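Please examine the sequence and the structure shown here. The briefing that follows is arranged by topic.

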Amino acid sequence: MSTLPAGFDPIPLDDFEPLLLSTKEHFDLYWPSTKPLLEKCVKRAMHGEMTIDDIYNAALQGKMYIFVVKCDKTITKSVKLALVLEIIHYPKLPAMNIVALGGSDLDALHAKYWKMLCGWAYMNSVRVIEGWVSPAMERVISQYGFKPVYTHMRLELTEAMK
């Protein structure tokens, strides 16, 4: 019996391909592998805005889009990366917001699939992709051309009224 090094993935990246989860059948097949990736993001980066079930239900209703990079060559469907996007309705600028991102091999998969995703967004009238992100995620996505536009701030009213 051999032991694989920590973080080693025996499935080659070339065996993975992108998919927009767009049908109940897609969700039935890929959600079990997608959910744990997104749960990490929800637990670490969201501050009570939504739960993993909120994302799932919004995506099933077509209010959010979940893209996965998946492999069908395994017994259980393997998902390496998951990206959740939502349409933002600005009066003059069609936009998509990155809601959640989870998985591994972001650099390699960005290089392979990002232009394809941007093309899909552009063909669907989107002109910018944005994200309200933590400082750590800001450092990650700034490598891919994202630039700061605003500083997002929040006041908890339960704290302000003490």
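The points below concern helices, strands, salt bridges, cysteines and backbone angles.

This is a predicted model, in which local features need pLDDT of at least 70 and side-chain atom pairs count only at pLDDT 80 or more, while totals for chains, interfaces and linings use all residues. Residues are numbered from 1 along each chain as its sequence is written, and side-chain values use heavy atoms, with hydrogens and water left out. Helices (H or I, at least four residues) and strands (E, at least two) are DSSP runs, numbered from the N terminus. Buried means under 20% relative accessible area, exposed over 50%, and partly exposed in between (1.4 Å probe, protein chains only).

**Helix α1**

- Threonine 34 belongs to helix α1, which covers residues 24-45.
- The relative accessible area of threonine 34 is 0%, so this residue is buried.
- Leaving aside neighbours within four places in sequence, threonine 34 is in contact with Ile66, Val68, Val79 and Ala82; contact means heavy atoms within 4.5 Å.

**Helix α3**

- Helix α3 (residues 106-123) has 18 residues and should span 26 Å at 1.5 Å a residue, which agrees with the 24 Å between its end C-alpha atoms. The expected span is 1.5 Å times one less than the number of residues.
- A kink of about 50° in α3 is centred on tyrosine 113. The bend at a residue is the angle between axes fitted to the seven residues ending there and the seven starting there.
- The buried residues in α3 are Leu109, Tyr113, Trp114, Leu117 and Ala121.
- An α-helix has 3.6 residues a turn, so residues three or four places apart point the same way.
- The packing partners of the buried α3 residues are β1 (17-20), β2 (64-71), β3 (78-89), β4 (94-103) and β5 (128-131).

**Strand β2 and its partners**

- Strand β2 is mostly covered, with seven of its eight residues buried.
- β1 and β2 run antiparallel and are joined by four bridges; two strands pair if DSSP finds at least two bridges between them.
- Leucine 20 has phenylalanine 67 in β2 as its bridge partner.
- The pairing of β2 with β3 is antiparallel and extends over eight bridges. Opposite valine 68 stands alanine 82 in β3.
- Six residues lie between β2 and β3, which form a hairpin.

**Salt bridges**

- The structure holds eight salt bridges, each defined as a side-chain nitrogen of Lys or Arg within 4 Å of a carboxyl oxygen of Asp or Glu.
- Arginine 154 and glutamate 49 form a salt bridge in which the closest N and O atoms are 2.8 Å apart. Arginine 154 lies in the loop between α4 (135-142) and α5 (157-160), and glutamate 49 in the loop between α1 and α2 (52-60), so the pair ties together parts that are 105 residues apart in sequence.
- Arginine 154 is partly exposed at 45% relative accessibility, and glutamate 49 is partly exposed at 40%.
- Lysine 70 and aspartate 72 meet through their side chains in a salt bridge (2.6 Å, N to O). Lysine 70 is buried, with a relative accessible area of 5%, whereas aspartate 72 is partly exposed at 34%.
- A network of salt bridges links Glu17, Lys70 and Asp72.
- Glutamate 159 pairs with lysine 162 in a salt bridge, with 3.4 Å between the closest N and O atoms. Lysine 162 is exposed, at 75% relative accessibility.

**Cysteines**

- A search of the whole structure finds zero disulfides, a disulfide being a pair of cysteine sulfur atoms within 2.5 Å.
- Cysteine 41 is in no disulfide, and the nearest cysteine sulfur, that of cysteine 118, is 19 Å away.
- Cysteine 41 is buried, with a relative accessible area of 13%, whereas cysteine 118 is partly exposed at 29%.

**Positive phi angles**

- Most residues other than glycine have a negative phi, and most peptide bonds are trans.
- Aspartate 105, in the loop between β4 and α3, has a positive phi near 60°. Its relative accessibility of 36% makes aspartate 105 partly exposed.
- Serine 125 is not a glycine, yet has a positive phi of about 75°. Serine 125 lies in the loop between α3 and β5 and is partly exposed, at 43% relative accessibility.
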